[in-house]
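Reader: I am new to this structure and would like to know what lies behind the words used for it. Could we go through them together?
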Amino acid sequence: MNHRGDTMTDDGGSPAPLLAGRGLVKAHGRTPALRGASIALGAGEILAVTGPSGSGKSTLLHLLAGIVRPDEGSVTYAGQRLDRLPEQRLTELRRTDFGVVFQFGQLIPELTAVDNVGLPLLLAGASRAEARRRAGEWLERFGVRGQEELRPGELSGGQAQRVALARALVTGPEVVFADEPTGALDSLAGEQVMTALARTAREAGTAVLLITHDAQVAAYADREVRLSDGLVLPAEVAA
Amino acid sequence: MSTRHILLGLLEAGPSHGYDLKRRHDERFPQARPLAYGQVYTTLQRLVRDGLAEIEGTDADGGPERTLYRSTGAGARELARWAGEIAPPAPFVANEIFAKVVVSILAGGDPAAYLRAQQDAHKARMRELTAVKTDPGADLATVLSADYALNHLDADLRWMNTTAARLTTLTAEVDTA
Amino acid sequence: MTRRAPGGAMAAEARLAWRLGRGADRREWWRAALTAAGAASATGIAQTAVALGSLRGQYHVSVGGGLLDRPGERAGVVLTLLLLLVPVLGFLGQCARVGAVHRDRRLAGLRLAGATPAQVRRIAALETGPACLLGSLLATAASAMVLPRLWSAPAPAGWAGLALVALAVPVLGTAVAVLALRRLVASPLGWVRRVRPRGGRGARYAGGLLLVLLSVLAAVCGARGRLPLAVCALVVAVGAGTVWLAGGTARLAGRLVARRARTAAALIAAERLRDDPWAAARTHAAVLLVTVVGTGFVGVRQALLADLHRMRRDHRLGMPMAFYTTGIALAGAAVLVALAITLCGLAVGTAESLADRRRSLAAQIAAGVPRAVLGRALLLETALPLLPAVVLAGAGGMAIGTWYAALTGPGVVVPYAALLVPVLVYGCCLAAAATALPLLRRSARPAELRYA
């Protein structure tokens, strides 16, 4: 599958976006998180979603990444309705086409850095040696050299987050979902993580959905939309 | 910003002429407003007048004749004094955005719309600066000067956010005053 | 600073513990219920042992096929009951660990808020103590009603013993819980950063020393011809060895498999073992103890029955055959009860390890790691270290059985039927661990991603 030829579009533009959510409604118990949000992500586009805490940013990411199904509305990825795919197919898709980076906690604490990064490759059927070799390359690229055999708890926050980034990117995904990737980091470590993410995504043509409440982090995107009261506010004019 | 001290600083590296100084200034302080050549020239003359710099000689080097300047002992002392002196932290609150909001309220305009437009412009500029700094070829000086501007724009943005949220109260206050 | 009366401080801590308990989630209530159940079994077993131990001389007890009527056999039964306390205490320890990570954070929060280590220890005790007390009281009430019906007049000493047990079990249970929280109490940051304290060397050396002492004791007793005591000492010695063995094999299996793992499930399981081989060592040690005793028992039983049949043929039996077979059946029942308790502990432990990792597991699911892989990793975490350990424990049990057969019977007879025991125990353990799998589906939900 190659969607890289698609041009970047604005919400509602004519060429089909790579990933689109339309009229998304989701409630947690009785609390509505999203009330009809629509959003579109072009191939290779870095899109920031900002908004105050509790505005439904993370829920939007979970819906678009096929982690949670919407109560109403549709999620379309490369022409297929994610909200209708069976769970097993979704899991596979998340592993092959998507990468996720959370604020923290997506690394397995007991695995070494290199094994954490190699895990998606191992799941995809690569040999252990091959997985470790390719994982090592990514770690080196993200400046985590010499720490391959350390466990996440032994790394600094910034290093651990760069390891998480490597794990999200190692399979060459079409879309990376990043939920407050610098939320637990100081500004310098955050800048290193964001620079690594933005550069790699631009080089590889990977689309990024970036959830953040920080304007300086959002500035790494090509475009920014705001979530307010469960709705996506009209997209800004792209810079 | 004191142009004379920056030029003095650049002269500390060794004698150079006006054009060279301008080029090195623009290189060292990327994203800053570039120095005008005329400004460099007058500043150098004032430095010589005050005894902080002196003329080393002229060199033709095949092209037009150029005057070489170098720093004096007094210049080095003045530079050290200035470099160690703290910059007064925000002595006056000069805030054009705030002035526009207040004027807009007085004139019965739409301050909220103005703030939104201003925020969008700020964000667009932030994306621009971030793109400059994430470019693989960007050197540290570029990154740091972009960071400086980004932090200030971010502070403006945050201020605009809280101001937008409190516009109603502000309007009532301005209108009754 | 004003110093409050100790009573007032205690009351304040009790109120705090009560509020923490009330505000707690369902898992806390599970912990309380399991702790109470464990305490109730411990009390019941201990009180039965004390009641039997308090009897002097010849008695007529209406149950037990005459086995409880004479002091000699009674001593054996009491010893069996006391041995049964070992898995029960292990189960109690496992219960104290339910919600351990969550509780770690909460108690660490108290430390950060300025509570002294002593205060935190008292609050932790107040959280566990009442549950133990409740279980112990329930069991005592049952004993008080049942025991007097079984024989005519319990001695005052017997009643005092029962009361002592009723009090000792909650105290012991609380002490175990406080001991389990000792690391946390020292540091206000708890285990926020998961760098495990290395060490535990002292405990291992102590275990080794105990093993040597017991072996010496067994040899001495055996040499003096006190056979039952020698068998018991040997059983305990092998058991103590298995505690050490359980952690050792977990570490070894983790190291070996981690290096060679080709699948994600094996890698995750092995690295978890390598990271903390002692996490499940207590439960696994109980499994091994049951394997040793069970395998040994089946061997001993075979030899004993053969011996008894020979004696009956020769009309040398002092008591009716039923007297001996009831004794053997009772011992077998004790082994089965121990196995059941151990399997409960294993199931609780596996469920607990899942519950504590909810957020991490949810993140793996979100990143596209199939649930099946995580489930296999969970099972392998039990299967990998137990395989060599159960094989060794089975061999130990076989040695006991064969040795006993050699002592009592003519020539060396290897009780091959006993070989089934380790296989069965291993299968039961995997089944017990698998009972936690449905929990994996429930706990690894994306909703967990929303809380830090």
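This is a predicted model: local features need pLDDT of at least 70, side-chain atom pairs count only at pLDDT 80 or more; totals for chains, interfaces and linings use all residues.

Reader: Why is chain B called more spread out than a compact globule?
Author: Two values are set side by side. For 177 residues the globule rule gives 16 Å, while the radius of gyration of chain B is 22 Å; that is well over the rule, so chain B is more spread out than a compact globule. Along the principal axes, the C-alpha trace of chain B spans about 65 × 40 × 30 Å. As for burial, 16% of the 177 residues of chain B count as buried.

Reader: Which elements is chain B built from?
Author: Chain B has eight helices and three strands. Their order from the N terminus is α-β-α-α-β-β-α-α-α-α-α.

Reader: What makes α1(B) roughly perpendicular to α2(B)?
Author: In general, two packed helices are described by the angle between their axes and the distance between the axes. Here helix α1 (residues 3-12) and helix α2 (residues 18-28) of chain B pack at about 100 degrees, and their axes are 10 Å apart. Angles of 65 to 115 degrees count as roughly perpendicular, so α1(B) is roughly perpendicular to α2(B). From α1(B), Ile6(B), Leu7(B) and Leu10(B) make the contact, meeting Leu21(B), Arg24(B) and His25(B) of α2(B). By class, the residues of this contact are four nonpolar, one polar and one charged.

Reader: How do you know that Val217(A) is buried?
Author: By counting its neighbours. A residue is buried if 20 or more other C-beta atoms lie within 10 Å of its own. Val217(A) has 26 of them within 10 Å, so Val217(A) is buried. Val217(A) sits in helix α7 (residues 215-218) of chain A.

Reader: Which residues is Val217(A) in contact with, leaving aside its neighbours within four places in sequence?
Author: Those are Thr182(A), Gly190(A), Met194(A) and Thr212(A). For contacts, the C-beta atoms must lie within 7 Å.

Reader: How many residues bring chain B and chain A into contact?
Author: Twelve residues of chain B are in contact with eleven residues of chain A. On the chain B side, α6 (111-134) and α7 (140-165) each supply at least two residues. Helix α6(B) gives the most, with eight residues. That side of chain B divides into five nonpolar, two polar and five charged residues.

Reader: And what does chain A bring to its contact with chain C?
Author: There, 25 residues of chain A are in contact with 25 residues of chain C. The elements of chain A that give two or more residues are α1 (57-64), α2 (87-96), β6 (98-101) and α3 (113-123). By class, this side of chain A has eleven nonpolar, seven polar and seven charged residues.

Technical notes:
Residues are numbered from 1 along each chain as its sequence is written. Chains are lettered from A and ligands numbered from 1 in the order in which they are written. Two residues are in contact if their C-beta atoms, placed from the backbone, lie within 7 Å. Helices (H or I, at least four residues) and strands (E, at least two) are DSSP runs, numbered from the N terminus. Ala, Val, Leu, Ile, Met, Phe, Trp, Tyr, Cys and Pro count as nonpolar, Asp, Glu, Lys and Arg as charged, and the others, Gly among them, as polar. The radius of gyration is taken over C-alpha atoms; the globule rule is 2.2 Å times the number of residues to the power 0.38. A residue is buried if 20 or more other C-beta atoms lie within 10 Å of its own, exposed if 12 or fewer, and partly exposed in between; C-beta atoms are placed from the backbone. Axes are lines fitted to C-alpha atoms, for helices over the stretch in contact, and angles run from 0 to 180 degrees between N-to-C directions. Angles under 35 degrees count as roughly parallel, over 145 as roughly antiparallel, 65 to 115 as roughly perpendicular and the rest as oblique.
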